[in-house]
Amino acid sequence: MAGNNKQELKVPRHVAIILDGNGRWAKARGLPRNMGHVEGAKTVEVICEEAYRMGIQYLTVYAFSTENWTRPKDEVDALMRLLRNYMKTCLKTAEKNRMCVRVLGEKSRLDQDIRTRIQELEEATRHNDGLRFQIAINYGGRDEIVRAVRRMGQDIQRGAVIPQEINEQLVGEYLDTHGIPEPDLLIRTCNEQRISNFLLWQLAYTELYFTPVAWPDFNKEELVKAVEAYNQRDRRYGRISEADA
């Protein structure tokens with residue numbers, strides 16, 4: 001494992017990934033952009049298995065953002081078709097690997113058949129004890145926080161929440177990720193170095209790792225490299241290190 005074995009590496013409990021570069025991967029090969037998304041979906045399946053084998057307990061991927069609706073209609077339509085097919089594939093994978101799947105994001109804008117498949121997938125895998133796999137679909141960090149504030153405001157109005165008792169823990173219970181630990185490591189592929197409205201609240205102390213590798217080419221070896229880089233980080237959470245004390 002690139003000079004380390006699984007026992008030597010401190011494996012992050014929760015890894016989040018921004019899946020970037022599908023379209024550029026396809027363009028570089030003279031293929032339609034949609035082919036990049038198809039290959040990217042295959043990579044998701046591979047990385048789910050490899051992550052679980054490494055000991056990663058939670059994996060969250062950014063599949064479709066609230067901003068992605070502004071892309072050309074034919075690309076959005078193709079992505080929705082791919083999403084429909086992926087829901088079926090993901091169910092089979094989850095059954096095979098006992099993967100627990102949860103979809104983050106505002107689902108109301110999605111077509112009814114996609115919402116139904118999401119519900120079926122979440123219900124069928126709810127009690128699985130393997131990898132906890134979160135897929136962010138029509139997700140935006142700011143949108144998530146706005147929706148959380150609206151729900152909290154409603155609870156304040158009906159007396160279920162006292163404003164003076166609001167704290168970070170309570171806010172977290174209103175987010176899409178309630179019950180999920182914050183990511184230890186965020187990976188973004190294809191050389192982009194920003195978080196693009198992903199998990200804004202949850203990434204407060206997450207280690208960030210950027211790689212030039214496009215998502216369709218991301219594999220076990222690249223995942224190991226990211227975890228090795230994570231092992232070199234000194235996670236102080238605002239405290240000073242022993243060397244600086």
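Residues are numbered from 1 along each chain as its sequence is written, and side-chain values use heavy atoms, with hydrogens and water left out. Because the model is predicted, local features need pLDDT of at least 70 and side-chain atom pairs count only at pLDDT 80 or more, while totals for chains, interfaces and linings use all residues.

**Stop 1: Arg24 and Glu192**

Select Arg24 and Glu192. They form a salt bridge, with their closest N and O atoms 2.8 Å apart. The term means a side-chain nitrogen of Lys or Arg within 4 Å of a carboxyl oxygen of Asp or Glu. Arg24 sits in helix H1 (residues 22-28) and Glu192 in the loop between strand E5 (185-188) and strand E6 (207-210), so the pair links parts of the chain 168 residues apart. Helices (H or I, at least four residues) and strands (E, at least two) are DSSP runs, numbered from the N terminus.

Arg24 is partly exposed, at 37% relative accessibility, whereas Glu192 is buried, at 16%. Buried means under 20% relative accessible area, exposed over 50%, and partly exposed in between (1.4 Å probe, protein chains only).

**Stop 2**

The whole structure has 21 salt bridges.

**Stop 3: Asp111 and Arg84**

Select Asp111 and Arg84, whose side chains form a salt bridge (2.8 Å, N to O). Asp111 lies in the loop between strand E3 (100-104) and helix H4 (112-125), and Arg84 in helix H3 (residues 73-97), 27 residues apart. Asp111 is partly exposed at 42%; Arg84 is buried at 19%.

**Stop 4: the largest pocket**

Select Leu19, Tyr62, Ala63, Phe64 and Asn68, which of the 31 lining residues are the closest to the centre of the largest pocket. On a 1 Å grid over the protein atoms alone, a pocket is an open set of points where a 1.4 Å probe fits, with protein on both sides within 12 Å along at least five of seven lines; lining residues have an atom within 4 Å of a point. The space in the largest pocket is about 650 Å³. Its lining has 17 nonpolar, 8 polar and 6 charged residues.

Technical notes. Grid points are joined across faces, edges and corners, and a volume is the space filled by probe spheres set on the points. Ala, Val, Leu, Ile, Met, Phe, Trp, Tyr, Cys and Pro count as nonpolar, Asp, Glu, Lys and Arg as charged, and the others, Gly among them, as polar.
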